[in-house]
There are 2 protein chains.
Amino acid sequence: MKQLKLSNVPTGNLKKTDFVLENVEMPQIGDGEVLVKNILLSIDAANRSWMQGKTYRDAVRAGDIMPTYAIAEVVESNDERFQKGQIVTGDSVWAEYAAINSKLLTSCPNIKPLSNLLSLYGIAGLTAYHGLMNVGKLKKGETVVVSAAGGSVGLFVGQIAKAMGCRVVGIAGSDEKCSRVVKELNFDSCINYKSGTLLKDLKTECPDGIDIYFDNVGGSILEVVLFRMNMRGRVVCCGAVSQYDGTAPTGPRNLPGLLIVKRLKMEGFIVMDFVKDHLSAIKHMSELQAEGKIKIIEDITEGIENAPDALLKLLSGGNYGKSMVRVCPDPS
Amino acid sequence: MKQLKLSNVPTGNLKKTDFVLENVEMPQIGDGEVLVKNILLSIDAANRSWMQGKTYRDAVRAGDIMPTYAIAEVVESNDERFQKGQIVTGDSVWAEYAAINSKLLTSCPNIKPLSNLLSLYGIAGLTAYHGLMNVGKLKKGETVVVSAAGGSVGLFVGQIAKAMGCRVVGIAGSDEKCSRVVKELNFDSCINYKSGTLLKDLKTECPDGIDIYFDNVGGSILEVVLFRMNMRGRVVCCGAVSQYDGTAPTGPRNLPGLLIVKRLKMEGFIVMDFVKDHLSAIKHMSELQAEGKIKIIEDITEGIENAPDALLKLLSGGNYGKSMVRVCPDPS
């Protein structure tokens, strides 16, 4: 079977040659393990951040098979909770098959196609939902700005906030993505930050200031947005993709000063912090989807050997929609 | 009478020559105004931050009489709420007398000496109290780190947290200040950040990590402390004095990344946000003082002409205790 190892921990930008594709024997499972056949691999900016050191999980080191969140089918099981043929989700690796500690797996709700379990009904949609509702404590009528607006989380943030009666302004890195989130996803507006006029554009597009900034990027975009926040605004810290793929991170120069002047609250989270609310979130989002208020956009790369390309595309802002890699077709 | 104007808005470090001492006529009061005789001027790092631009108040500009928070005695009043001889507190200026809009003044509780109305029972003590209790939501047994530990707010933060059953570690800029907060004020420990080993020292002095960081300084000290915060720790953003007196602010490079990894919450506030809780806070602090758990430390400079020196001393970390300038003796 095929697998991909991280052969080198990058100190600058991640490169395709930092990965090596290998053909190896199928793994054997031990006590408490489950052999799964990977179907879809989630491609996330977080994959890159794991290479920088220990985060909420151990660092990825040179020689490691690249870890990933995935949708998979059970092939063989040493845990009675999981049966052959069952669809599961959890921590897996960039490989066609993987032997996984059963504690890292959970059973999937019956949602088709399976890709939706990585987008709206998986980490992307749930991250957007919990970030807005439980961290940002969004209220009807507020102005919400979201960066990486065409990214996996951003496009759901905008659609959920819009469905909740907010003004939604995206920030993205191309005119095409900006145009699509406005035309296809009903954002009120979207600013191409590469225009170099972000501060001015935010003033124009957010005439009443910004109440919630859902931050996926950190860095200089965060710095600029902070200047336009309203008193007692909330910054939902979801990601800092601008800081993951390089050597010299830069902190917003107006932190922490502006937090005091404007009485802002910044709070970080990851989706698993709200696991007890997942079911109610999925129910709510499925209602919004049924009403046509949320569209699912996915960016699927075919073939496990192309996983490095998919991650590089995401890190350079090339994806539109939830990025994932298809290893094999959904079982019928 | 004497008054001090800011003659020049500094672009680099504030200098004594940025102020000019003038002898002028006594001010006349108009409708809704009160003529006060200043007794004590509060000297705060915020005085410097006001010169950087609009904050929660208008910027101080060249030619302005330097604004200040002060304790004063009413000399003449065009507002029936205020009578001659009454002691008031509020927005005043660096001058022997001032004509003040009565809306900016409030009557003082009967506390002697009056200097205590600027320290424990004024903005310093109340800032410490509300920051710990209402923003940080301090819990018994937690580890609290406070920067500018020998400063006006910091020394109350440490004493209140200690009285609430927390482990308290200060950060200050001299061995003498560190020694004094431990010996005189019962801090568990205090680290001189100029030693250059802050990260290591925090590990030693906070073996269980840091739950609350009460931040008075921002900048590189904030950056280092963030690395030692516990999961779901709170950063109480009270001030950023390291950023006020210079031209090139620097943001902590691990922001916002570390907020996500550790699920931290950072929140800014100013003391007036909690004005409705002032009385209950004063009652609680007076009980702690009566029990000997809080000592009042004040750093009083005599003579209004020395106000610039007092501010420069504070900005260079030279004060120990709440900094203020005495303009005239307390009335008997």
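Biologist: At what angle do helix α2 (residues 123-135) of chain A and helix α3 (residues 154-163) of chain A pack, and how far apart are their axes?

Modeller: This is a predicted model. In it, α2 and α3 of chain A pack at an angle of about 50 degrees, and their axes are 8 Å apart.

Biologist: Why is α2(A) called oblique to α3(A)?

Modeller: Angles under 35 degrees count as roughly parallel, 65 to 115 as roughly perpendicular and over 145 as roughly antiparallel, and the rest as oblique. The angle here is about 50 degrees, which makes α2(A) oblique to α3(A). As for the hand, α2(A) passes α3(A) in a right-handed crossing.

Biologist: Which residues of α2(A) meet which residues of α3(A)?

Modeller: From α2(A) come Ala124(A), Gly125(A), Ala128(A), Tyr129(A), Gly131(A) and Leu132(A). They meet Phe156(A), Val157(A), Ile160(A) and Ala161(A) in α3(A). By class, this contact has eight nonpolar, two polar and no charged residues.

Biologist: What makes two residues of this contact polar?

Modeller: Gly is counted among the polar residues, whereas Ala, Val, Leu, Ile, Phe and Tyr count as nonpolar. The contact includes Gly125(A) and Gly131(A), and its count of polar residues is two.

Biologist: How are helices α2 and α3 of chain B packed?

Modeller: Helix α2 (residues 123-135) of chain B and helix α3 (residues 154-163) of chain B pack at an angle of about 50 degrees, with axes 8 Å apart. That makes α2(B) oblique to α3(B). The crossing of α2(B) past α3(B) is right-handed.

Biologist: Which domains does the assignment give for chain A, and how far apart are their centres?

Modeller: The domain assignment gives domain 1 (2-119 + 297-326) and domain 2 (123-274 + 282-289) of chain A. Their centres, taken over C-alpha atoms, are separated by 27 Å. The contact between them takes 21 residues from domain 1 and 17 residues from domain 2. On the domain 1 side, α1 (45-49) and β15 (322-326) of chain A are the elements that give two or more residues. The largest share, three residues, comes from α1(A). That side divides into eight nonpolar, eleven polar and two charged residues.

Biologist: In what order do the strands of the open sheet run, and what makes a strand an edge?

Modeller: The open sheet has twelve strands with mixed pairing, in the order β10(A)-β9(A)-β8(A)-β11(A)-β12(A)-β13(A)-β13(B)-β12(B)-β11(B)-β8(B)-β9(B)-β10(B). At the edges stand β10 (189-192) of chain A and β10 (189-192) of chain B, each with a single partner strand, so one side of each is left without a neighbour in the sheet. On average, neighbouring strands of this sheet are turned by 15 degrees against each other, direction ignored.

Terms used. Residues are numbered from 1 along each chain as its sequence is written. Chains are lettered from A and ligands numbered from 1 in the order in which they are written. This is a predicted model: local features need pLDDT of at least 70, side-chain atom pairs count only at pLDDT 80 or more; totals for chains, interfaces and linings use all residues. Axes are lines fitted to C-alpha atoms, for helices over the stretch in contact, and angles run from 0 to 180 degrees between N-to-C directions. Helices (H or I, at least four residues) and strands (E, at least two) are DSSP runs, numbered from the N terminus. A crossing is left-handed if the near helix is turned anticlockwise from the far one by less than a right angle, and right-handed if clockwise. Two residues are in contact if their C-beta atoms, placed from the backbone, lie within 7 Å. Domain bounds come from an automatic or database domain assignment. Two strands pair if DSSP finds at least two bridges between them.
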